Amino acid sequence: MFDTVSTMTGGGPSRSSQTLAHLMWERGIYFFDIGGGSVVTLVLLALAIAATALQRIMTARLEKAGTR
């Protein structure tokens, strides 16, 4: 969603349409705040790992129950 937000709204009024990917770019590249961009990157990575782990657990439960 980076390109859509960046092209159409630039984060929107009062950052209402800003995503983590756009915030990561804005902090790290636009404002040259490498530390802030890195923190946002780690949060995005943690969310991706948590979603992947949850999906793997739920898939394993469904396969064990024989419903998939």
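User: Which residue just after α2 takes a positive phi, and what is its value?
Analyst: Phenylalanine 32 does, with a phi of about 55°. The model is a predicted one, in which local features need pLDDT of at least 70 and side-chain atom pairs count only at pLDDT 80 or more, while totals for chains, interfaces and linings use all residues. Residues are numbered from 1 along each chain as its sequence is written, and side-chain values use heavy atoms, with hydrogens and water left out.

User: Why is the pair of tryptophan 25 and tyrosine 30 called tilted?
Analyst: The structure holds two aromatic pairs. In the pair of tryptophan 25 and tyrosine 30, the ring centres are 5.9 Å apart and the planes stand at 35°. Rings of Phe, Tyr and Trp (its six-membered ring) pair if their centres lie within 6.5 Å; planes under 30 degrees apart are stacked, over 60 edge-to-face, and the rest tilted. The pair is therefore tilted.

User: How do you know whether tyrosine 30 is buried or exposed?
Analyst: Buried means under 20% relative accessible area, exposed over 50%, and partly exposed in between (1.4 Å probe, protein chains only). Tyrosine 30 has 58% relative accessibility, so it counts as exposed. Tryptophan 25, at 33%, counts as partly exposed, and phenylalanine 31, at 46%, also counts as partly exposed.

User: Why is threonine 9 called partly exposed?
Analyst: Its relative accessible area is 43%, so threonine 9 falls in the intermediate class. Threonine 9 is in the loop between α1 (2-8) and α2 (20-30); helices are DSSP runs (H or I, at least four residues), numbered from the N terminus.

User: What makes the link between the side chains of threonine 9 and serine 17 a polar contact?
Analyst: The two side chains lie 2.9 Å apart at this contact. A polar contact is a pair of N or O atoms within 3.5 Å, and within protein one must be able to donate a hydrogen and the other to accept it, while residues adjacent in sequence count only if both atoms are side-chain atoms.

User: Which side chains make polar contacts with that of glutamine 18?
Analyst: Glutamine 18 lies in the loop between α1 and α2. Its side chain is joined to that of histidine 22 at 3.2 Å and to that of glutamate 26 at 3.0 Å. In α2, His22, Glu26 and Gly28 are buried.

Conventions. Helices (H or I, at least four residues) and strands (E, at least two) are DSSP runs, numbered from the N terminus.
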